[in-house]
Amino acid sequence: MDAIILQILNGLDKGSAYALIALGLTLIFGTLGVVNFAHGALFMIGAFCAVTLNKLFSLSFETVDPTRTDFLGNPLKVKTPYLVDWFGPEVGASLIDWAVPLSILFSIPIMIGIGFAMERGLIKHFYKRPHADQILVTFGLAIVMQELIKHYYGANPIQTPAPDAFRGSLDFGVLLGFDPNVIIYPYWRLVYFAFAALIIGGVFAFLQFTTFGMVVRAGMADRETVGLLGINIDKRFTIMFGLAAAVAGLAGVMYAPINSPNYHMGMDFLVLSFVVVVVGGMGSLPGAVAAGFLLGVLESFASMNQIKSILPGIDQIIIYVVAIVILLTRPRGLMGRKGVMED
Amino acid sequence: MLGLNKKDSTLLLIVAAMVLLAPFILNPFPADSAMAQFNAGYPDLMQRFVIFGIFAIGFNILFGLTGYLSFGHAAFLGVGSYSAVWMFKLLSMNVIPAILLAVLVSGVFALVIGFVSLRRTGIYFSILTLAFAQMSFNLAYSVLTPITNGETGLQLTLDDPRILGVSATADGGIPVTSLFGMEMRSTFTLDAGAWLFQFNTGYYFCGAVLLLAFYLAIRIFRSPFGLMLRAIKSNRTRMNYTGLNTKPYALAAFVISGMYAGLAGGLMASMDPLAGAERMQWTASGEVVLMTILGGAGTLIGPVLGAGFIKYFENIFSKINEGVLHQWFSFLPDGVENGAVWVVEHFVGPGWHLTLGLLFMLVVTFLPGGLVEGGQRIAKLFRRKSTEPQDGATQSHPAE
């Protein structure tokens with residue numbers, strides 16, 4: 001029992017990332033009808049927003065402290081971050097400590113900007129082209145983004161720590177009445193899950209309860225009629241693209257402390273997220289979210305030693321196996337609508 | 001000639017001449033001049049041109065004719081490489097059985113994967129092939145380590161059995177791959193004044209295989225079977241309504257193109273007997289898509305051009321570094337020079353992939369027919385001036 005709960009918890013954080021990326025992919029696909037292979041790159045850029053803010057905050061200058069010496073007997077050089085100098089030691093240090101959560105604010109305008117630029121500058125010209133062309137051009141764009149990040153940040157993963165307050169682990173088992181130290185779960189992963197739930201809830205609420213969201217949903221169902229009613233649906237879809245980019249970016253920002261960002265993390269997640277979208281059902285938002293969590297949890301179950309000893313290697317391929325089985329038995333995915341991508 | 005019409009024979013002859021004379025054509029600059037870094041006439045690179053050309057020709061039979069975009073073709077390349085290396089380990093160092101096994105095994109793989117994947121079309125098909133390829137890649141890295149040797153990659157060792165050959169040569173080394181005694185790595189060097197031309201057995205072997213593969217592709221393109229594949233691309237639903245089951249045709253195309261990929265993998269292992277899982281990664285699948293699109297999908301010569309283009313510039317661009325750039329731009333004033341170097345630096349050396357990505361976006365956006373379409377447009381410009389329009393040998397026949 002405790003092992004099962006542990007695996008479910010372990011699956012939740014990866015599942016949250018899958019769900020967030022798949023949600024963005026589905027939003028773009030459902031509104032604009034574009035298959036965006038650059039979505040993983042947006043996730044990666046989000047993670048690098050966190051890296052950037054972390055680095056910016058830790059920018060420091062050197063002073064010589066004549067009262068202390070280093071091990072060679074020379075006067076000790078002390079590095080003081082500018083923030084500490086400007087805001088005093090306490091505020092400055094905590095700002096640096098909280099760099100990752102603060103990058104949420106920092107990344108939203110950046111991601112929305114990138115999303116707008118992408119849609120207006122490139123994707124716009126591909127609405128009428130076949131899906132293969134859309135895949136190819138966004139694939140090219142993903143390579144470009146990835147290489148630019150590699151050029152400026154290097155090829156190695158960059159550690160981006162979570163705030164001190166969240167660095168420990170929670171003894172989750174005690175809360176449920178198990179023995180201590182059975183189910184241990186890092187705080188940050190809980191934060192990630194809560195954050196993901198918040199974002200997903202926010203997106204759904206936005207689509208469900210605002211006039212804007214209503215128009216967008218109407219546009220997803222029948223774009224032409226909405227256009228005929230005199231509504232500028234293109235403008236709204238562009239905004240949705242920006243929103244989807246922001247969702248991917250935020251998923252990346254918060255993921256940075258879990259897995260040190262490197263330039264190809266986007267590609268790694270992209271393939272899986274596409275599988276998630278297909279399993280959930282192309283064009284279905286709840287399907288994408290449900291499939292994201294489902295596959296995340298399944299993946300962590302498959303990496304249990306008991307299961308691996310029966311089916312060696314299952315942890316590497318479980319997601320793909322599930323995708324293949326689902327596609328062959330339920331071609332529309334778990335919650336796919338009729339008539340989407342069935343040309 | 002050989003059942004081809006005049007135009008196709010000309011095309012085949014041009015390709016044959018280019019393959020034959022490649023060591024000259026690709027080596028236009030004297031060996032110790034400053035331009036020597038643009039030479040591509042050395043065995044390793046020429047082999048890559050030809051092998052990736054075969055890979056792309058095969059991919060084009062699937063994508064160019066039927067329109068099914070597979071994102072998992074590298075899996076077949078990897079499977080081919082592994083089978084070939086196993087043949088070198090177990091049977092002998094002769095390349096013929098290795099390549100035959102590579103083609104056979106990848107064909108079986110393609111049959112299984114194609115049978116499942118082709119139940120869906122469009123993006124679902126792409127994702128299914130991608131899923132299968134990633135699965136093979138992950139398995140090759142983890143559980144299948146006894147067969148694939150995991151991260152290290154499969155290599156020859158001195159205690160391999162090699163039933164029909166020798167485990168080790170007389171001087172205690174690992175034997176090299178050969179074709180009935182002709183060593184693949186042996187190179188004949190011709191010194192012609194300042195020029196240095198290299199003629200490599202392995203390259204000419206690959207070249208012969210390329211010609212064969214190219215000839216087969218022409219025959220497939222011009223056959224009723226090829227016509228059927230194009231019909232699938234242009235309107236599958238209508239084909240179904242006429243009472244025709246399109247699936248066997250698509251599956252046949254998939255298997256053929258998988259076998260081409262296996263052939264390329266087998267050749268790769270024959271030139272350099274190692275096989276690693278990274279050959280199966282989905283970025284490798286993406287690369288062959290890039291080659292085909294860049295050259296011109298659905299055309300005969302396009303994929304070969306695309307493969308050559310990408311591999312050539314990959315090689316040349318990777319070699320250019322900051323020092324070379326400063327040398328090039330040294331005629332500019334200092335400030336401008338540094339600026340120019342700073343800009344260009346992004347695109348060369350390790351930044352080659354950036355150039356590739358940009359190029360790819362530009363080609364897909366503005367030149368969907370690839371290099372072949374570009375060539376045709378240029379040819380059209382010139383032809384307008386002359387009065388008589390004539391068909392170029394490399395004309396594309398977009399299967400739309």
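The model is predicted.

Start in chain B, with two helix pairs. Two packed helices are described by the angle between their axes and the distance between the axes. Helix 2 (residues 43–66) of chain B meets helix 11 (residues 282–295) of chain B at roughly 80 degrees, and their axes come within 9 Å. Helix 2 of chain B is therefore roughly perpendicular to helix 11 of chain B. On the side of helix 2 of chain B, the contact uses B:F52, B:F55, B:A56, B:F59, B:N60 and B:F63. Helix 11 of chain B answers with B:E287, B:V288, B:V289, B:M291, B:T292 and B:I293.

The second pair is helix 7 (residues 201–222) and helix 8 (residues 224–234), both of chain B. Their axes are 4 Å apart, and the packing angle is about 65 degrees. These two helices of chain B are therefore also roughly perpendicular to each other. Helix 7 of chain B brings B:I220, B:F221 and B:R222 to the contact. Helix 8 of chain B brings B:P224, B:F225, B:G226 and B:R230.

Over all chains, the count comes to 10 salt bridges. In one of them, B:R222 pairs with B:D8, and the closest N and O atoms are 2.6 Å apart. B:D8 lies in helix 1 of chain B and B:R222 in helix 7 of chain B, so the pair ties together parts that are 214 residues apart in sequence.

Another salt bridge stays inside one helix. B:K311 and B:E314 both lie in helix 12 (residues 302–319) of chain B, three residues apart, about one turn of the helix. Their closest N and O atoms are 3.0 Å apart. B:K311 counts as buried, at 5% relative accessibility. B:E314 counts as buried too, at 19%, because the cut-off for buried is under 20%. Shared partners join B:E287, B:K311 and B:E314 into one salt-bridge network.

Chain A has a salt bridge between A:R129 and A:D133, with 2.9 Å between the closest N and O atoms. A:R129 is partly exposed, at 22% relative accessibility. A:D133 is buried, at 16%.

A:Y82 sits in helix 3 (residues 82–97) of chain A. At 35% relative accessibility, A:Y82 is partly exposed. Beyond its neighbours within four places in sequence, A:Y82 is in contact with A:L59, A:S60 and A:F61.

Back in chain B, B:S83 belongs to helix 3 (residues 74–90). B:S83 is buried, at 8% relative accessible area. Residues up to four places away in sequence aside, B:S83 touches B:L101, B:A102 and B:V105. B:V108 lies in helix 4 (residues 95–117) of chain B and is partly exposed, at 48%. B:V108 and B:V255 are 147 residues apart in sequence, yet their C-alpha atoms are 7.8 Å apart in space.

B:I14, B:M18, B:L20, B:L21, B:F24, B:I25, B:F188 and B:L190 make a nonpolar patch of about 730 Å². Helix 1 (6–25) and strand 4 (187–192) of chain B each supply at least two of its residues. Helix 1 of chain B gives the most, with six. B:L21 is in that helix and is partly exposed, at 40% relative accessible area.

Key
Residues are numbered from 1 along each chain as its sequence is written. Chains are lettered from A and ligands numbered from 1 in the order in which they are written. This is a predicted model: local features need pLDDT of at least 70, side-chain atom pairs count only at pLDDT 80 or more; totals for chains, interfaces and linings use all residues. Side-chain values use heavy atoms; hydrogens and water are left out. Patches are made of residues with over 30% relative accessible area and no salt bridge: like charges are joined within 9 Å, nonpolar side chains (Val, Leu, Ile, Met, Phe, Trp, Tyr) within 5 Å. Accessible areas come from the Shrake-Rupley method with a 1.4 Å probe; for residues, only the protein chains shown count as cover. A salt bridge is a side-chain nitrogen of Lys or Arg within 4 Å of a carboxyl oxygen of Asp or Glu. Buried means under 20% relative accessible area, exposed over 50%, partly exposed in between (1.4 Å probe, protein chains only). Axes are lines fitted to C-alpha atoms, for helices over the stretch in contact, and angles run from 0 to 180 degrees between N-to-C directions. Angles under 35 degrees count as roughly parallel, over 145 as roughly antiparallel, 65 to 115 as roughly perpendicular and the rest as oblique. Contact means heavy atoms within 4.5 Å.
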